Amino acid sequence: MKKIFVFVLMAAATISAQTKWKIDNSHSNINFTVAHLIISEVTGTFKEFSGTVESAKEDFSDMKLDIAIKAN
């Protein structure tokens, strides 16, 4: 059984609306880890992606995350 974990690091974002931010690709990355035969883990990264984050509340409890990843 393989498990894929995707982590998004949003080191910087550009504000495009009052409560909507666009992910800045030059300051962000998306990585994944796959468990292989429960012995080891293989890690990788996606180079082409885009996305936005929206929230009306300061604590992000109503956050909407939209991410598109180009995977070959």
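The questions and answers below set values from this predicted model against the definitions behind them.

Q: What are the conventions behind the numbering and the values?
A: Residues are numbered from 1 along each chain as its sequence is written, and side-chain values use heavy atoms, with hydrogens and water left out. Because the model is predicted, local features need pLDDT of at least 70 and side-chain atom pairs count only at pLDDT 80 or more, while totals for chains, interfaces and linings use all residues.

Q: How many helices and strands does the protein have, and what are they by definition?
A: The protein comes to zero helices and seven strands, in the order β-β-β-β-β-β-β along the sequence. Helices (H or I, at least four residues) and strands (E, at least two) are DSSP runs, numbered from the N terminus.

Q: Why is β6 said to pair with β3 and with β7?
A: Two strands pair if DSSP finds at least two bridges between them. Strand β6 (residues 49-54) has three bridges to β3 (residues 20-23), in the antiparallel sense, with T52 of β6 as the partner of K22. Six bridges join β6 to β7 (residues 64-69), again antiparallel, and here V53 has L65 of β7 as its partner.

Q: What makes E48 and K70 a salt bridge?
A: The term requires a side-chain nitrogen of Lys or Arg within 4 Å of a carboxyl oxygen of Asp or Glu. The N to O distance between K70 and E48 is 3.8 Å, so the pair qualifies. The two residues come from distant parts of the chain, 22 residues apart: E48 is in the loop between β5 (40-46) and β6, and K70 is in the segment after β7. By this rule the count comes to one salt bridge.

Q: Why are the aromatic pairs called tilted?
A: Rings of Phe, Tyr and Trp (its six-membered ring) pair if their centres lie within 6.5 Å, and planes under 30 degrees apart count as stacked, over 60 as edge-to-face and the rest as tilted. A search of the whole structure finds two aromatic pairs. W21 and F60 have centres 5.8 Å apart and planes at 40°, so this pair is tilted. Since W21 lies in strand β3 and F60 in the loop between β6 and β7, the pair ties together parts that are 39 residues apart in sequence. F32 and F46 also form a tilted pair, at 5.0 Å centre to centre and 40° between the planes; F32 lies in strand β4 and F46 in strand β5, so this pair ties together parts 14 residues apart in sequence.

Q: What makes the phi of I38 and of F60 worth noting?
A: Most residues other than glycine have a negative phi. The phi of I38 is positive, near 55°, and F60 has a positive phi of about 60° although it is not a glycine. I38 is found in the loop between β4 (28-36) and β5, and at 84% relative accessibility I38 counts as exposed.

Notes
Buried means under 20% relative accessible area, exposed over 50%, partly exposed in between (1.4 Å probe, protein chains only).
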